[in-house]
Amino acid sequence: IIMYSFQNDYSEGAHPNILRALETINYHQNNSYGLDEHSHAARELIQEALEDYSADIHFIAGGTLTNLTFISHVLKPYEAVISAQTGHINTHETGAIEATGHKVISVPAEDGKLNPDLIRPVLDLHENEHWVEPRLVYISNPTEIGTLYTKEELEILYSFCQRHHLYLYIDGARLAAALAAEEVSHLTFPDLPKLCDAFYIGGTKSGAMFGEALVLIREDFKEHFRFNMKQRGAILAKGWMIGVQFEELFKDNLYIELGKESIRRMQPIKQAFAEAGIPLLCEAPTNQIFPIFPNDLADEINSRYLTTFQCRPDPDHICLRFCTSWITNEEAVADFVENFKDMAIKYC
């Protein structure tokens, strides 16, 4: 039985522009280790979008590798990371940060977002050398449960971090969706260098075959970063394979357009759940939603479609994640909506 997947936004390949670009240069010789003309061009395009030509940009194959390479570079051995309990480094990276020697201090956050009131007790508790010293605040935007930080929230959080000598790092695995969402205070590329010390621009989940672009803003992060990249296995011999992808993503606003498209393809599903009275775990304005179903309805959905288990709010209900990409099949979405209406009549 072939089941259509709403599990994630990286089940398909790459945008046609990227495939054409890779085919065009396939027989060209390129300099190695990310020091090629395509990587240089991509860096310049990203700097232009950020309106910050001092930003240091490095291309790394995946999100976990980006997080562990960056965090292991900027923290001293006794320093730790603060993350929401749902944060990717705390839940889906197999202890990668801890394996570099740095404790992840997780904080319960109902909406998946950190704020000064949640961080302050951690700082009060870790008051002397018998504890690890909190130094870096890790957030994802969008968060792992689909919520978004507004520009104002990031301004408040970054100001707090600066006052308390904390670094702020943004995991941007789905940054395209965060920048494309229209339901929140609008965040733009030029805002980002002013609102954190480092962040990454996710490509894997936003039209690239693979790859992320790590952006270092703080000056002392930049020194010798490539040494740590090499030691962590984060420098690709064929680094231009990532460079050319970001070169295409940052032409003609393609990156943001793909974020918009991933959100647009979610809307019929989101509307169907609303019409059936299905509650959501939280309001999620991007390409991920987390509906809460009666157990029997969830079981029938999962017998016909692929989704991701999120949590069990109570013994009678299951929360599933639905996720769409820029290339999610619209006929499959329409079929799901029609099938769901029939299923919902039985269980709702």
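Me: How does K260 count by its relative accessibility?
Reply: Buried means under 20% relative accessible area, exposed means over 50%, and partly exposed lies in between, with a 1.4 Å probe and protein chains only. At 34% relative accessibility, K260 therefore counts as partly exposed. As for the model itself, it is predicted, so local features need pLDDT of at least 70 and side-chain atom pairs count only at pLDDT 80 or more, while totals for chains, interfaces and linings use all residues. Residues are numbered from 1 along each chain as its sequence is written, and side-chain values use heavy atoms, with hydrogens and water left out.

Me: In which helix does K260 lie?
Reply: Helices (H or I, at least four residues) and strands (E, at least two) are DSSP runs, numbered from the N terminus. K260 belongs to helix α13. Between K260 and E330 there are 15 Å in space, C-alpha to C-alpha, and 70 residues in sequence.

Me: In what order do the seven strands of the open sheet stand?
Reply: Two strands pair if DSSP finds at least two bridges between them. Here the order is β2-β8-β7-β6-β5-β3-β4, and the pairing is mixed. The edges are β2 (56-60) and β4 (104-107); each has a single partner strand, so one side of each is left without a neighbour in the sheet. On average, neighbouring strands of this sheet are turned by 25° against each other, direction ignored. For such angles, axes are lines fitted to C-alpha atoms, for helices over the stretch in contact, and the values run from 0 to 180 degrees between N-to-C directions.

Me: In what sense do β3 and β4 pair?
Reply: Strand β3 (residues 79-84) pairs with β4 in the parallel sense, over four bridges.

Me: Is L75 buried or exposed?
Reply: L75 is buried, because its relative accessible area is 7%. This residue is found in the loop between α3 (63-74) and β3. Not counting residues up to four places away in sequence, L75 touches A80, V81, H102, R135, L136 and Y167. The C-alpha atoms of L75 and H102 are separated by 7.9 Å, although the two residues are 27 apart along the chain.

Me: How many residues of strand β13 are buried?
Reply: In strand β13 (residues 317-323), six of the seven residues are buried, so this strand is largely enclosed by the rest of the structure. Strand β9 (residues 288-289) runs antiparallel to β13 and is joined to it by two bridges, with Q288 opposite C323. Strand β10 (residues 292-294) is paired with β13 in the antiparallel sense over three bridges, and P294 stands opposite H317. Strand β12 (residues 308-314) is joined to β13 by four bridges, again antiparallel; there F309 has L320 as its bridge partner. A hairpin is formed by β12 and β13, with two residues between them.

Me: How many cavities of 30 Å³ or more does a search of the whole structure find?
Reply: On a 1 Å grid over the protein atoms alone, a cavity is a set of points where a 1.4 Å probe fits but cannot get out, and lining residues have an atom within 4 Å of a point. Grid points are joined across faces, edges and corners, and a volume is the space filled by probe spheres set on the points. The search finds four cavities of 30 Å³ or more. The largest has a volume of about 100 Å³, and its lining includes Y33, R43, H58, F59 and R226. The elements that give two or more residues to this lining are β2 and α11 (225-231).

Me: Which element gives the most to the lining of the second largest cavity?
Reply: Helix α13 gives the most, with four residues. The second largest cavity holds about 70 Å³ of space. Of its 14 lining residues, the closest to its centre are A176, K205, S206, S262 and N287.

Terms used. 1 Å grid on protein atoms, 1.4 Å probe; cavity = no way out; pocket = protein on both sides within 12 Å on 5 of 7 lines; lining within 4 Å. Contact = heavy atoms within 4.5 Å.
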